[in-house]
Amino acid sequence: VIDATMVKDGRRYVMVFKNETRWPVAQKTIHFAVSKKALGPFGKASPAISGSYWAEGPTVIKVGRRWIVYFDKYRDHRYGAVVSVDWKQWQDISAQLQFPAGARHGTVLQVPRAVLSRLLKLSLN
């Protein structure tokens, strides 16, 4: 397991990570595990939530009711994402994404609109 990130979902903690299994068959997929405490112990890893491509570097954000997990499809040289409202059913939304060429592992964070406006003004200058 590598590239772990954690979010709080209500009263539980969800750790999203890459399966770094190499033997007997390389898996390289994104999974998650749940705990009542941030320091664990965590339950059993979920089935893969990413596809059959190799993925790493997950980051998670909640938008409305939807949890979006972004990740690097590093062999395909592009970003991917899956979305869920219940951590059970996952939909691949990778085709809807646009990232700058060469984007790699990233982190999602909220930025106040006023800060975003100032940054956009600076980028236009």
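## Glutamate 56 and its surroundings

The side chains of glutamate 56 and arginine 104 are joined by a polar contact of 3.3 Å, a polar contact being a pair of N or O atoms within 3.5 Å in which, within protein, one must be able to donate a hydrogen and the other to accept it, while residues adjacent in sequence count only if both atoms are side-chain atoms. This is a predicted model, in which local features need pLDDT of at least 70 and side-chain atom pairs count only at pLDDT 80 or more, whereas totals for chains, interfaces and linings use all residues. Residues are numbered from 1 along each chain as its sequence is written, and side-chain values use heavy atoms, leaving out hydrogens and water.

Lysine 18 also makes a polar contact with the side chain of glutamate 56 through its own side chain, as the table shows.

| Side-chain pair | Polar contact |
|---|---|
| glutamate 56 and lysine 18 | 3.1 Å |
| glutamate 56 and arginine 104 | 3.3 Å |

Glutamate 56 lies in strand 4, residues 56–63, where strands are DSSP runs of E with at least two residues and helices are runs of H or I with at least four. Glutamate 56 counts as buried because its relative accessibility is 12%, buried meaning under 20% relative accessible area with a 1.4 Å probe and protein chains only. Not counting residues up to four places away in sequence, glutamate 56 touches residues including Asp3, Ile30, Phe71, Tyr74 and His105, a contact meaning heavy atoms within 4.5 Å.

The protein chain as a whole has seven strands and one helix, and 34% of its 125 residues count as buried.

Conventions: Buried means under 20% relative accessible area, exposed over 50%, partly exposed in between (1.4 Å probe, protein chains only).
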